[in-house]
Amino acid sequence: MTHDPQNVTVLRGRVLTFLEQPQGHDDTASYRYIEDGAVVIGPDGKIIMIGEYKPEAAAHHKVIDHRPHLILPGLIDPHTHFPQMQVIASYAGNLLEWLNTYTFVEEQRFADAAHAERIAGLFLDELIRHGTTTAAAYCSVHPQSVDAFFGAALERNMLMIGGKVMMDRNAPASLCDTPQRGYDETKAGIAKWHGHGRGLYAITPRFAITSSPEQMEMAEALAREYPELHIQTHVDENLAEIEFARELFPNLPDYLGIYERYHLLGPKTLLGHCIHLTHRECEVLADTQSVAVWCPTSNLFIGSGLFDRDRLAGHGARIAVATDIGGGTSYSMLRTLDEGYKVLQLRGQRLDPLASFYMMTLGNARALGLDDRIGALAPRREADIVVLNSRATPQMALRMEAVDSLWNELFLLQTCGDDRAVVETYVMGRPMKTGLES
Ligand code: GUN
Ligand code: ZN
């Protein structure tokens, strides 16, 4: 393909992109790092090439010099709830109290399209401020919330996955659909938004507690009709939740067995939490290649439990990591992995910073089945990019004086970094963060 050189942009900086899942501290083959690197972006918003920076580039192309900062693929958040921006920091003793006292109250406000539009725009701007370029988000039960979410994503040209939550019981009446309405509204949402711009619709039965068997059958029918779509739901987050779900669906072996019964498991299924799994559930997870989505800040804040990464990995299960706003407390994937690190410390497990940065980028892209489009800096990938400053705060700058390797720098960024470390966020080659702040 030829490009008008005037419309080609070159980002100059310290380029870092993963090639494979790191197999340990010294696995330098798992990533590509270019000290004085260039990411060359075409007018279509796709990456043409990456490599060493060549001074001649400045004669032909627009060069944006981000030295000494790191240039990475945009961060990916595979489990979040956009209607919960104003739920963050709600004081509750456990999951069901938190849902009933705050979340199911707040989500009722999304019947109002104007409110949904305001929050959807603020949500995506917040993701941009934190360097996140793709998310898989739950909307509320209202189709208006889906329109607001995908409309805001379209305006920003962001690759977003989302869907209306299907829920028809154990919640306030105004937050419940019916099996038929859940089916019809999901179908309409798919027709309207799936493949529109960069939007991808996800079939979203909220969790087994809020869906009747009839609604689960409708979700099953949708999954059969649209096998290419993601499915997102929650499982095994909290012990009381598990007990309630099992009472509602008796005669099944366990909680995951409910989704299995309705044929909702598979490589495109994203299962939030997966904290309290039985041995059988670990095996089903691995056999179906469904994705366990670890949400460390949420699991700590709500007090749900400590994710057992090594146990799941030992079973061969696929794992992603996410914020789970607003049970989660930070939009930042850096903060999320910092809390994840501490969770694994308490479990006697290790989280190497190479593994963390892999998970936030290529790992989560693979979990979403989107690694042919995002998650890496490579030719033909969509140019969703984050630029990180490891000296963003005085204490980080001081600590950096004693940092002597990329590995240590990544660990510092993960441990102390947040939105202040995000210098710029590019969406399809377009700078978005500085635009928000001007
Ligand atoms: N389970 C069902 N809905 C939710 C939710 O909104 N947040 C969390 N953390 N768990 C859930
Ligand atoms: Zn969630």
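Which residues are around ligand 1?

1. Ligand 1 first. The residues around ligand 1 are His81, Gln84, Leu95, Trp98, Leu99, Arg206, Phe207, His234, Glu237, His273, Ser298 and Asp324. A residue counts as near if one of its heavy atoms lies within 4 Å of the molecule.

2. A word on the model. This is a predicted model, where local features need pLDDT of at least 70, side-chain atom pairs count only at pLDDT 80 or more, and totals for chains, interfaces and linings use all residues. Residues are numbered from 1 along each chain as its sequence is written, chains are lettered from A and ligands numbered from 1 in the order in which they are written, and side-chain values use heavy atoms, with hydrogens and water left out.

3. Polar contacts of ligand 1. An oxygen atom of ligand 1 sits 2.9 Å from an N or O atom in the Gln84 side chain. For the side chain of Arg206, an oxygen atom of ligand 1 is 2.7 Å from an N or O atom. Glu237 places a polar side-chain atom 2.7 Å from a nitrogen atom of ligand 1.

4. The zinc site. His79 (NE2), His81 (NE2), His234 (NE2) and Asp324 (OD) coordinate the zinc ion (ligand 2), at 2.0 to 2.5 Å. Donors are N, O and S atoms within 2.8 Å of the metal (3.2 Å for Na, K and Ca); water is not among the atoms, so sites may look incomplete. The spacing of the donor residues in sequence is H-x1-H-x152-H-x89-D. His79 and His81 are buried (under 20% relative accessible area, with exposed over 50% and partly exposed in between, 1.4 Å probe, protein chains only).

5. Zinc geometry. The four donor atoms subtend angles of 90 to 165° around the zinc ion (ligand 2), so the arrangement is irregular. Four donors count as tetrahedral if all angles lie between 85 and 135 degrees; four count as square planar and six as octahedral if opposite donors are over 155 degrees apart and all others between 65 and 115; anything else is irregular.

6. Aromatic pairs. The whole structure holds 14 aromatic pairs. Rings of Phe, Tyr and Trp (its six-membered ring) pair if their centres lie within 6.5 Å; planes under 30 degrees apart count as stacked, over 60 as edge-to-face and the rest as tilted. Phe82 and Phe110 have ring centres 5.6 Å apart and planes at 85°, so the pair is edge-to-face. Both Phe82 and Phe110 are buried.

7. A ring cluster. Ring pairs join Phe82, Phe110, Phe123, Phe149, Phe150, Trp193, Tyr201 and Tyr331 into a cluster.

Conventions: Polar contact = N/O pair within 3.5 Å; in protein donor to acceptor, adjacent residues only side chain to side chain.
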